[in-house]
Amino acid sequence: GLAAALRAQLERIQSEAGIQFRVENRLTEEPPPETRIILYRIAMEALANVRKHARASTVQLQMENVNRGWHVEVVDDGDGFLAPNGESSPGHLGLTAMRERAQIAGGWCKIESSTGSGTTVSFWLPALQERTESESDQISA
């Protein structure tokens with residue numbers, strides 16, 4: 001599931017970069033496969049940024065079902081940053097990519113940070129009904 005996949009990534013980051021972590025898995029149900037992949041990719045980008053840029057000693061990951069969807073939050077205690085409107089710096093597209101992935105899936109992504117205060121990446125994706133094969137056939141017909 002989502003929590004196990006992200007925990008494995010955090011364990012790798014801990015062994016390679018020495019960043020301690022805590023995972024709070026409050027999911028009462030797993031997201032459908034397509035949603036799970038998007039949640040995973042956004043979280044992976046947030047964790048990659050922690051590893052590459054934050055100089056953090058700890059990162060916390062929390063997952064829960066909220067408002068008929070899935071909410072994930074990645075919080076680090078690193079250096080933080082200032083960027084105009086929280087957008088990516090030139091040559092660094094990660095923040096923009098996280099927001100776009102969430103928006104395309106009907107959700108949102110917020111990035112809060114300030115110099116010396118760490119960074120919080122919070123995102124939510126809605127629970128969408130999976131289409132049945134007959135619905136997909138009707139739509140494409």
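Among the elements of the protein, which has the lowest mean pLDDT and which the highest?

1. Confidence by element. Helix H4 (residues 133-140) has the lowest mean pLDDT, 41, whereas strand E3 (residues 69-76) has the highest, 98. Here pLDDT is the predictor's confidence in each residue, on a scale from 0 to 100. Helices (H or I, at least four residues) and strands (E, at least two) are DSSP runs, numbered from the N terminus.

2. Basis of the values. The model is predicted, so that local features need pLDDT of at least 70 and side-chain atom pairs count only at pLDDT 80 or more, while totals for chains, interfaces and linings use all residues. Residues are numbered from 1 along each chain as its sequence is written, and side-chain values use heavy atoms, with hydrogens and water left out.

3. Overall confidence. The protein has an average pLDDT of 87, and 84% of its residues score at least 70. Over residues 130-141, pLDDT stays under 50. For that stretch the model has four contacts (heavy atoms within 4.5 Å) beyond four places in sequence.

4. Composition. Four helices and five strands make up the secondary structure of the protein. Their pattern along the sequence is α-β-α-β-β-α-β-β-α. Of the 141 residues, 38% count as buried, that is, under 20% relative accessible area; over 50% is exposed and the range in between is partly exposed (1.4 Å probe, protein chains only). Among contacts with a separation of 6 or more, 64% join residues 24 or more positions apart.

5. The sheet. The five strands of an open sheet stand in the order E1-E2-E3-E5-E4, with mixed pairing. Strand E1 (20-26) and strand E4 (108-113) are the edge strands, each pairing on one side only. From one strand to the next, the twist averages 10°. Axes are lines fitted to C-alpha atoms, for helices over the stretch in contact, and angles run from 0 to 180 degrees between N-to-C directions.

6. E3 pairs with strand E5 (residues 119-126) in the antiparallel sense over eight bridges; two strands count as paired if DSSP finds at least two bridges between them. Val 72 has Phe 123 in E5 as its bridge partner. Helix H3 (residues 94-104) packs on the sheet and touches E4 and E5, its direction making about 150° with that of E4.

7. Met 44. This residue belongs to helix H2 (residues 33-54). Apart from neighbours within four places in sequence, Met 44 is in contact with Leu 6 and Gln 9. Met 44 and Met 98 are 54 residues apart along the chain, and their C-alpha atoms are separated by 9.5 Å.

8. The loop between E2 and E3. Which backbone angle deserves a check at Asn 67? Asn 67 has a positive phi of about 50°, although it is not a glycine, and it lies in the loop between strand E2 (58-66) and E3. Arg 68 lies in the loop between E2 and E3 and has a positive phi of about 55°, although it is not a glycine. Asn 67 counts as exposed at 64% relative accessibility, and Arg 68 is exposed with a relative accessible area of 76%.

9. Rings. Lys 110 lies over the face of Trp 108, at 4.9 Å from the ring centre; the criterion is NZ of Lys or CZ of Arg within 6 Å of the ring centre and within 35 degrees of the ring normal.
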